[in-house]
Amino acid sequence: MPRARFCRERIGASFGCRGAALAAAMALRPAGSCAVALLLALVGLRHAAAEGSTLPPHIASMQLNTPKPVTEAQMIEFKQDFVDVDFNHDDAMDAQEVRAHFKDGISNLELFQFFIDSDKDHTGSISLQEYVDYAAMLN
């Protein structure tokens, strides 16, 4: 089975993502990139368990700039995705939280690449602004 197809099927099954939307999102990045596909599950292609959650007031009221225009609905999804991964509610996404969110379904290399791409200040954690910047560029 081709690697890209395997990634789409594995991730779609794991997170309840819509297959066509995931396939379209994967086409934006180099073929065969499971890391991107896994991370796209965070970016608007969330698993069913996260749906229906509410944003904390301080997150909901944050005004964030993006490198590309996004809709209000997309911004709400980005914020919800961030909150869903930030298990300890410290307003930062760290590697342990990302790994726990994916239940060990992300390799060390995929996790490392996500942090290289999104942790722009190199603190070892991803702020909401950094995540929104990253997510906006994937859309």
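**The surroundings of Phe114**

Guide: In this predicted model, Phe114 has a relative accessibility of 0% and therefore counts as buried, the limit being under 20%. The ring of Phe114 meets that of Tyr134 with 5.2 Å between the centres and 80° between the planes; because an angle over 60 degrees is classed that way, the pair is edge-to-face. Phe114 belongs to helix α7, which covers residues 108–118, and Tyr134 to helix α8, which covers residues 128–138, so this pair ties together parts that lie 20 residues apart in sequence. Tyr134 is also buried, at 8% relative accessibility.

A search of the whole structure finds three aromatic pairs. One of them joins Phe114 to Phe115, again in an edge-to-face arrangement, at 5.6 Å centre to centre and with 85° between the planes. Phe115 has a relative accessibility of 12%, and therefore counts as buried. Through such ring pairs, Phe114, Phe115 and Tyr134 are linked into a cluster.

The two helices may be considered next. The axes of α7 and α8 are 9 Å apart, and the helices pack at an angle of about 100°. Because angles of 65 to 115 degrees are classed as roughly perpendicular, that description applies to α7 and α8. On the α7 side the contact is made by Phe114, Asp117 and Ser118, and on the α8 side by Glu130, Tyr131 and Tyr134.

The setting extends to the largest nonpolar core, which has 22 residues. Met93, Val98, Phe114 and Tyr131 are the residues with the most contacts inside this core. The elements that contribute two or more residues to the core are α5 (72–85), α7 and α8. Of these, α8 gives the most, with seven residues.

When its neighbours within four places in sequence are left aside, Met93 is in contact with Phe82, Val85, Val98, Phe114, Phe115, Ser125, Ile126 and Tyr131.

How values were computed: Residues are numbered from 1 along each chain as its sequence is written. This is a predicted model: local features need pLDDT of at least 70, side-chain atom pairs count only at pLDDT 80 or more; totals for chains, interfaces and linings use all residues. Side-chain values use heavy atoms; hydrogens and water are left out. Rings of Phe, Tyr and Trp (its six-membered ring) pair if their centres lie within 6.5 Å; planes under 30 degrees apart count as stacked, over 60 as edge-to-face and the rest as tilted. Buried means under 20% relative accessible area, exposed over 50%, partly exposed in between (1.4 Å probe, protein chains only). Helices (H or I, at least four residues) and strands (E, at least two) are DSSP runs, numbered from the N terminus. Axes are lines fitted to C-alpha atoms, for helices over the stretch in contact, and angles run from 0 to 180 degrees between N-to-C directions. Angles under 35 degrees count as roughly parallel, over 145 as roughly antiparallel, 65 to 115 as roughly perpendicular and the rest as oblique. Contact means heavy atoms within 4.5 Å. A nonpolar core is a set of buried Ala, Val, Leu, Ile, Met, Phe, Trp, Tyr and Cys residues joined through side-chain atoms within 4.5 Å.
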